[in-house]
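Here is a friendly set of notes to read alongside the model. Keep the structure open and find each residue as you go.

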Amino acid sequence: MPILKLSLRAWRNSPASQFAASLISSALLLSVALLVCLELSMSSARLKLEHENRISIFLAPTVAPTDESKITDRIQEVIGAHAESVLQSKFVQAQDTM
């Protein structure tokens, strides 16, 4: 019982400052929890962005779209991609970009 009286003594002496301190402490704890939650949810997106390379290659309009596999192989050779790496390509016509 004496410990309870000692802990409540500060509330009796200055209730406004004790209330403000508890309000600020709870706000800080909630903001830390929110930031940790955001970090955990965004870590997969961050890892993907760190390890992904994106290359835009503009080809002449005279290149036939049927040569996609040849073009993809040539691009892999030029950038030095290894056999185990996956190269995803998407061919877009000029009128599709607008």
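The points below look at one helix and a few charged side chains.

1. Please remember as you read that this is a predicted model.

2. Let's start with helix α2, which covers residues 15-51. This helix has 37 residues, and the distance from its first C-alpha to its last is 53 Å. At 1.5 Å a residue, 54 Å would be expected, so the span comes close to that value.

3. How many salt bridges does a search of the whole structure find? The search turns up two. One links the side chains of E39 and R46, with 3.8 Å from N to O. R46 also meets E50 through a side-chain salt bridge, here at 3.4 Å from N to O.

4. Why are R46 and E50 separated by about one helical turn? Both belong to helix α2, and they are four residues apart there, which means about one turn lies between them. Because the salt bridges share partners, E39, R46 and E50 are joined into one network.

5. Are these residues buried, partly exposed or exposed? E39 is partly exposed, with a relative accessible area of 43%. R46 is also partly exposed, at 39% relative accessibility. E50 has 48% relative accessibility; exposed would mean over 50%, so E50 counts as partly exposed.

Key:
Residues are numbered from 1 along each chain as its sequence is written. This is a predicted model: local features need pLDDT of at least 70, side-chain atom pairs count only at pLDDT 80 or more; totals for chains, interfaces and linings use all residues. Side-chain values use heavy atoms; hydrogens and water are left out. A salt bridge is a side-chain nitrogen of Lys or Arg within 4 Å of a carboxyl oxygen of Asp or Glu. Buried means under 20% relative accessible area, exposed over 50%, partly exposed in between (1.4 Å probe, protein chains only). Helices (H or I, at least four residues) and strands (E, at least two) are DSSP runs, numbered from the N terminus.
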